[in-house]
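I opened my notebook to get to know a new structure. Here is what I looked up, step by step.

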Amino acid sequence: GKRDVYHGGRVRPTAEVYAEAGLAPMTLEPKEGLAMVNGTNFMTAVGALALQDAHRLAVIADACTALTTEALTGITGPFDPFLHDTAKPHPGQVASAARTLRLLRGSRLARDYAELVRELGTLDKGYRRLEAKIQDKYSIRCAPQCVGALHDVVTWTRQILSIELNSSNDNPLYDLEAGTVRSGGNFSGFHVALAMDTLKTAVGSVAALLDRQFDVL
């Protein structure tokens with residue numbers, strides 16, 4: 001009931017507006033004020049929504065990579081399990097390549113690397129039709145590495161936010177078993193802030209990748 005409020009097209013004392021509406025101002029119990037205004041709670045809530053959007057974007061980006069490969073009669077070689085499962089097994093990269101390859105399975109537009117090599121071998125010793133590409137642009141070839149990084153950041157961010165959502169930001173905290181009061185800094189949002197900054201960077205990188213895919217299309 002303190003300070004002013006914008007009501008009925010003008011700024012008025014909040015107490016007057018409460019009285020006209022027949023409302024009583026909220027009376028806060030101990031520690032409730034901090035719970036309402038603590039920024040880490042808000043950061044975590046917005047972060048959880050951003051995390052869901054980022055996860056959807058990562059899956060959509062894998063689909064966009066498959067579609068771009070088809071539209072450009074691209075090569076499926078960059079998504080082969082050997083490159084990812086064996087040679088560089090970042091979990092997100094492995095998952096991104098596998099999903100893209102699964103989407104391309106049965107395609108009559110995308111081509112296997114071995115098929116292209118066979119074609120080149122029949123073209124006058126390979127000298128006259130060098131425009132027959134054997135590799136695609138980076139925006140296709142490096143997609144599992146780029147989108148895979150986002151997949152991994154999503155996994156890490158989910159771990160951070162899951163812990164944060166099930167934690168206490170209040171201060172001080174009461175240790176009932178020990179019968180003591182503990183003052184600390186759990187209200188700080190360092191973990192959430194770092195996770196969100198990292199997620200933002202990964203999302204930005206994938207956005208740039210998709211922009212380049214649209215460019216080559």
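Predicted model: local features only at pLDDT ≥ 70, side-chain atom pairs only at ≥ 80, totals over all residues.

**Entry: a pair of helices**

I looked up helix H5 (residues 91-104) and helix H8 (residues 143-165), and found that their axes come within 7 Å and cross at roughly 125 degrees. H5 and H8 are therefore oblique to each other. I noted the hand of the H5 and H8 crossing as well: it is right-handed.

Which residues of H5 meet H8? From H5 I listed Pro-91, Gly-92, Gln-93, Ser-96, Ala-97 and Arg-99. Their partners in H8 are Ala-143, Pro-144, Gln-145, Val-147, Gly-148, His-151 and Asp-152. Sorted by class, this contact of H5 with H8 has 5 nonpolar, 6 polar and 2 charged residues.

**Entry: the whole protein**

Next I stepped back and found 9 helices and 4 strands in the protein. Reading from the N terminus, I wrote the order of elements down as β-β-α-α-α-α-α-α-α-α-β-β-α. The radius of gyration is 27 Å, well over the 17 Å that the globule rule gives for 217 residues, so the protein is more spread out than a compact globule. Along the principal axes, the C-alpha atoms fill a box of roughly 90 × 55 × 25 Å.

**Entry: burial and contacts**

I looked up burial too, and 29% of the 217 residues are buried. Of the contacts with a separation of 6 or more, 71% are between residues 24 or more positions apart.

How values were computed
Residues numbered from 1 in each chain as written. Heavy atoms only, no water. Axes fitted to C-alpha atoms, helices over the stretch in contact; angles between N-to-C directions. Helix = DSSP H or I, 4+ residues; strand = E, 2+ residues; numbered from the N terminus. Parallel < 35°, antiparallel > 145°, perpendicular 65-115°, else oblique. Left-handed = near helix turned anticlockwise from the far one by under 90°. Contact = heavy atoms within 4.5 Å. Nonpolar A, V, L, I, M, F, W, Y, C, P; charged D, E, K, R; others polar. Rg over C-alpha atoms; globule rule 2.2 N^0.38 Å. Buried < 20%, exposed > 50% of the residue type's maximum accessible area, 1.4 Å probe, protein only.
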